[in-house]
Amino acid sequence: RDGICRLTDTLYTKTVQFFDINYQLAQADDKTAIFENWCDFLNYFDASVSVQLSFINQGTQRGEAEKAVNIPAQEDAFNSIRTEYRDMLKNQLAKGNNGLVKAKYITFAIEADSLGAAKSRLARIETDVLNNFKLLGVSARPMTGYERLKMLHGIFHPEGGQFAFDFSWLAPSGLSTKDFIAPSSFRFGEGRYFRMGRKIGAVSFLEILAPELNDRILSDILDLETGVIVNLHIHSIDQTEAIKTIKRKITDLDKMKIEEQKKAVRSGYDMDIIPSDLATFGSEAKNLLQDLQSRNERMFLLTFLVVNMADTKRKLENDVFAAAGIAQKNNCALTRLD
């Protein structure tokens, strides 16, 4: 009920929902400040915490959306303004973003021997995460068990449907929470597609080939008027481990360099001429080492996943093509997973 989910015997997670901030419209100084705070936010997570950022764009039921914009009349002189505003919202809804609802979540996972141990540690991380969001000027709130299940039910039932569940039903029915959120069917057998209920989906991962990524890439993918789920799995590497790894790489590169130089001497040409790849990677590795050692940077493993869902294969292929176009624009590649 308190929102802690046990994934394996020792892995526990908790989710916080967070909301938008006007980053794109901010002044350059404010942008820099927000970005630096965001870097500090990510640096907070050490190697024992796995983090996942989830961005979910889903079509809502038309009725629900209309209910949300329906402003009831009241006993005062402002009903004409209310009517005008309601009509404007309904008009926007009719021609707007396909009734997409956009939600953002951060989920963090830790290893613990028991629920008690996990509880206290997750509570501490949650408080720090909420404080970090406050520094960024972003409103955020922890999610209860019911809310997490409702969110998962929404993902597994993209065509909509009522979520009926209460924790008191579990014991008498002998069912687990999974039984209440599972989709009507899962079908994996068509290579690079999967079917979930009546929808057809595809998952791609972003191959980061660019030396630097623009801060717009994520918002561009989420601005596509399609049902898309973006997951960023972030895992921080222990600082000493990261430094050791880079040093090993530099040693390997130096060894290759010496071998190339020996080959050059044997062949009778200048030993300063070495393959350009070796020179490039050598300087990059040294810069990375300097960042880790003297600039207090951290090293992260990142998996960037994009899930597209659609009613037909043709629509799905168009959606995937649009997302791949954004990746290409940023000198990256979107690779489909089977």
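Predicted model: local features only at pLDDT ≥ 70, side-chain atom pairs only at ≥ 80, totals over all residues.
Which residues have the most contacts inside the largest nonpolar core?

**View 1. The largest nonpolar core and the residues with the most contacts inside it.** This core has 42 residues, and those with the most contacts inside it are Phe45, Phe55, Ile106, Val129, Phe133, Val230 and Phe304. Helix H4, which runs over residues 115-136, gives the core its largest share, namely six residues.

**View 2. The surroundings of Phe45.** When residues up to four places away in sequence are not counted, Phe45 touches Val51, Ile106, Ile125, Val129, Ser236 and Arg298.

**View 3. Helix H9, residues 239-267.** From its first C-alpha to its last, this helix of 29 residues reaches 42 Å, which is close to the 42 Å expected at 1.5 Å a residue. Buried in H9 are Ala242, Ile243, Ile246, Ile250, Leu253, Gln261 and Ala264, and the buried residues of this helix pack against strand E9 (228-237), helix H10 (276-294) and strand E10 (299-310). Just after H9 comes Gly268, which takes a positive phi of about 85°.

**View 4. A nonpolar patch on the surface, formed by Ile208, Leu213 and Leu302.** Together these three residues have about 240 Å² of accessible area. Leu213 lies in the loop that runs between strand E8 (199-207) and helix H8 (217-222). Leu213 counts as partly exposed because its relative accessible area is 37%, a value that falls between the 20% limit for buried residues and the 50% limit for exposed ones.

Notes:
Residues numbered from 1 in each chain as written. Heavy atoms only, no water. Patch = residues over 30% accessible without salt bridge, like charges linked within 9 Å, V, L, I, M, F, W, Y side chains within 5 Å. Areas by Shrake-Rupley, 256 points an atom, 1.4 Å probe, with all protein chains shown as cover. Salt bridge = Lys/Arg side-chain N within 4 Å of Asp/Glu carboxyl O. Helix = DSSP H or I, 4+ residues; strand = E, 2+ residues; numbered from the N terminus. Buried < 20%, exposed > 50% of the residue type's maximum accessible area, 1.4 Å probe, protein only. Core = buried A, V, L, I, M, F, W, Y, C linked by side-chain atoms within 4.5 Å. Contact = heavy atoms within 4.5 Å. Expected span 1.5 Å × (residues − 1).
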